[in-house]
Each structure stands twice: as C-alpha cells, then as structure tokens.
Amino acid sequence: MSLSEQEEEDMRRAIALSLSHGSSNQQKKHEVIVVDSDSSTTDDEAPCVAAATPPKLPDTETEAAFEKPTMGILGLDRKAMEQERLARKRKASISPPPARRKTPKLAETTLKEPTSSASTPLIDAPTKFIPSFHFSKLPHANGAVKKTWALGHPRDNDIKLEEILQKEDLTLAVLSSFQWDVEWLLRKIKTNATQMVFVMQADTEEMKAEYRNDTARMPNVRLCFPSMEGQVKCMHFKLMLLSYPTHLRVVVPTANIVPYDWGETGIMENTVFLIDLPRLAPKSTTSASPTMTNFGEDLIHFLEAMGLERSIIDSMHHFDFSATKDFAFVHTIGGANASDGPSWRRTGYCGLGRAISQLGLATEDALNIDYITSSVGSLNTEFLSTIYLAAQGDEGTAVYKWRHTPASQLSKLVDRNMRAAQQTAQKQVAAGFRIYFPSLETVRASTGGPHNGGTICFQSKWWNSATFPQNLLRDCKSRREGMLMHNK
C-alpha cells in the first residue's frame, strides 16, 4: 500500500472510530421519536421486550483503539496517531512519493455548520447533463419498496446498501441516521471521489466542535446538525439523497447506518423506499420547476427544517420530480409549530392527513389499518384516533376542535355532534386498527435471540396501563424465518 493510500485508510478508520464512539454515547440517552408519531417510545429505551443492546461486529482494531490510555472525549488518541503518521512520512521520504489522484477540497468554512451563502453547490458541481440518457434506463424510475438483504436468506425483492449507493458513479451522498458505524459505511463509498454530508445529532456546541475536529482532515466530508432546541430531544430520521451524473436517488429507509440493520448479521429486517429522478436539462432548472410535485415541495420543506445547506436544497429543482406525483413525503419536524401559521399542516399526523387529501384519497368510509412498528409507547384510543382520522384525510382540525373548543362556545347541538364524531372514530379504531409488534416468544425464538433485539422496544408499564388498547396488538413475524423486524 502506498503512503497516500495508507494515510487515507488511517483517516477513514480514525474518523469512524471517533464518530462511532460519539454515537454510542448518545444512544445511552432516552430517545424521543422524531420520525414516528408516538414520542413516548424509543429505539434504545429500557426496559424493553429484549433489553440487550444491538450486536456489534467483532473489530479487534476498534476495540484496541478504545483501550488507549490517552483518549479524546470521542475515543481517539490524536497525539499518538499524528506521531505515527509523521513517523511513516519520515520513513517514506527517502524515495519520491507516488503520484496521487487529486481530490477536490472543500473550503475551510464548509466544516462549520451550514449557512445559506458560504457553501459551494455540491449536487451539480461534479456532474454534467447527459442529453442522450433516457429516464427509462433508471433502475427505480417509478419508485420501489424493498426489504433489506439478509445474510443466509434467499434473495427476493431485497436490496443491499451497496446496491443503493452504487459507489462507482456516486458523486454526492447526503446521509442521515440515528445510529452510525462510519468505518463500515466508508468501506462502501469511494471516499476520494464522493462528496459526503453526514446529518448527525449533536446536543451541544462542544459535541459539534468535536465532530468537526474529527472530520477536519477528511476534505470530502461536511457535517449538518439539525436543531436540537426547545422540545427536540432526538434526531431519529433516516434519509439519503444520492446524486449521480444522470439522476438523483431519494431513499427513505427504516434502517440506521449500521451493519445489522442492513442484513449483514442475518438477524434484523428493514424496509427501503427509493426512487430515481432524472436530471433536467440546464435550461429547465429554474426556481419554479414545472416538474415539481407535492412530494418534492415537502421534501424541500423538510430539508430546510433539517438545516441542510442552501445550495443542496436549491439543486432539488435540477431534477424531474414528475414520477413522484402519486407519492407523498410525510415527515415529522420536531418542536412546536405555531397554530397561526401554515407549517403545522405540513408535518406530523396533520401532514399525513394533508397528504392523503392531496392524493385524492380522503374518505369518510371506515378503514382497515395495519401498522407495523419496532417500538410501542403509551398508546391510547385518543392518540390512535388522530392517526385514523389522518388516514381518512383529516388535517388535524377534528382533533383540535375536540381538545380546544371552549365550553362557552359549544351549543348543545355542536357538542352533541362533536361527541358523536369522536365516539364513531374510537369505534372504528377498535374495529379496524391493528398494530404489529413481536411478542416476547417471537423474540426469544428469533435467530439472534433477546440479546440481539435491543432496538425492538416496548415497556411493560405501557402494556399494563388501564388505557392501553391491548386488543389491537398482533404478533409480528417476518416471512424470513428467524428475523426480527425493525420496519415501520
């Protein structure tokens, strides 16, 4: 291995060790679900049905590094690493260094928290429009939902992380996750040719500074830290924006960026939605692209709330979103949303109801809802009614009236009608709402057993609550025998 290759490998490992260790510290805190509607449960809350933490693949070098006596707060002995690097450099200086491929470097300011003006556009910078390319050649031009690949199981409508990333052509990757194994991830990306933005949780300015310091020597990495102010306690969403010379791939997985969530241990199953959006000709890329859809507009709204740098957000208009016209991008943005503004209609269960209406699927008919989840919290019929009504197309107004209409404004007729509507919704929930979550017996019988079920969470105190709808729960079993499901 040449000196340049050795240095790159050292830096990849160093950054991975630091970020992985930082993430593990964060996981010890209680998590408030941001993407899911129920903020009472977590992926790492204890006690759980299976209380052990997720498995970690053996890594002798990683474990040895954590045992060094002079660690930084994220697990790196930077002084020793720098001394070793300089020693190698002195040793190699007796011969001319090999020619190395130049890697585009980012400005020093780009390692700071993203701003609207200091960033160089990323998605379009390394690519050129290819006029002869036809969208029908894209593998997921119409969108697809797939299972994650699983070691030891036959392949059937599944997909590997490598198949999603397609590293040979990948020019930019915006990746967000709650849990990270960065060293494992970087082995699946051409780090010298791909610009990367890691969207990570950082609760304090000290943690942000530490992450920036850890990635400062890797020029192709930028960091984005979504706001953790106010009521926001956790950044839990998973999203990938992958840019190629011919298209943008939007990926919404239920999997974290860790090997066991992507099937490499054969114990955990996840799902992935992905769609490929062709690049528009340069003359078609305007701030008001005629191909923009509700899906694209809500994606952009979410990216803005995330705090992603403006150049990436604006470049969404460089792609043809026409294929998403029959889809909706439903999200939850943490914190409070003012009732006198439009933002509350675009997120959470209100956003779900709005999406149902925009797709022309609103109905007053009774529904059958099957809800698969990997974490269950303090459920009650009132909360489930909000999800049920949203699935019918209600944007949150019915529940708001139930909760907030002052008694002085209620006539007997209005009060009677509201109570009747509330009772109808609760009856429909009881008859047509099913929640799928693995029983303790299913976890015990799984390939990994309880020790590997730490991200499947449910507390006994919720189950034993007088208001918990026990009759709605169903045992959740994967068709791939022995696997647990982290699906939502």
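Q: Which helix does Cys 350 lie in?
A: The model is a predicted one. In it, Cys 350 belongs to helix H9, which covers residues 348–358.

Q: Is Cys 350 buried or exposed?
A: Cys 350 is buried, because its relative accessible area is 10% and buried means under 20%.

Q: What does Cys 350 touch, leaving out residues up to four places away in sequence?
A: Its contacts are Trp 344, Arg 345, Glu 395 and Gly 396.

Q: And how far apart in space are Cys 350 and His 331?
A: Their C-alpha atoms are 9.9 Å apart, with a separation of 19 residues in sequence.

Q: Why do Cys 234 and Cys 457 count as buried?
A: Cys 234 has a relative accessibility of 2%, so it counts as buried. Cys 457 is also at 2% and therefore counts as buried.

Q: How many disulfides are there?
A: The count is zero, taking a disulfide as two cysteine sulfur atoms within 2.5 Å.

Q: Turning to the sheet, what is the strand order?
A: It is an open sheet of eight strands with mixed pairing, in the order E2-E1-E9-E7-E6-E3-E4-E5. Strands E2 (158–159) and E5 (221–224) stand at the edges; each has a single partner strand, so one side of each lacks a neighbour in the sheet.

Q: How does E5 pair with E4?
A: Strand E4, residues 195–199, pairs with E5 in the parallel sense over four bridges. Cys 224 in E5 is the bridge partner of Val 199.

Q: Which strands does helix H7 lie across?
A: Helix H7 (residues 294–306) lies across E4, E5, E6, E7 and E9, and runs at about 110° to E6.

How values were computed. Residues are numbered from 1 along each chain as its sequence is written. This is a predicted model: local features need pLDDT of at least 70, side-chain atom pairs count only at pLDDT 80 or more; totals for chains, interfaces and linings use all residues. Side-chain values use heavy atoms; hydrogens and water are left out. Buried means under 20% relative accessible area, exposed over 50%, partly exposed in between (1.4 Å probe, protein chains only). Helices (H or I, at least four residues) and strands (E, at least two) are DSSP runs, numbered from the N terminus. Contact means heavy atoms within 4.5 Å. Two strands pair if DSSP finds at least two bridges between them. Axes are lines fitted to C-alpha atoms, for helices over the stretch in contact, and angles run from 0 to 180 degrees between N-to-C directions.
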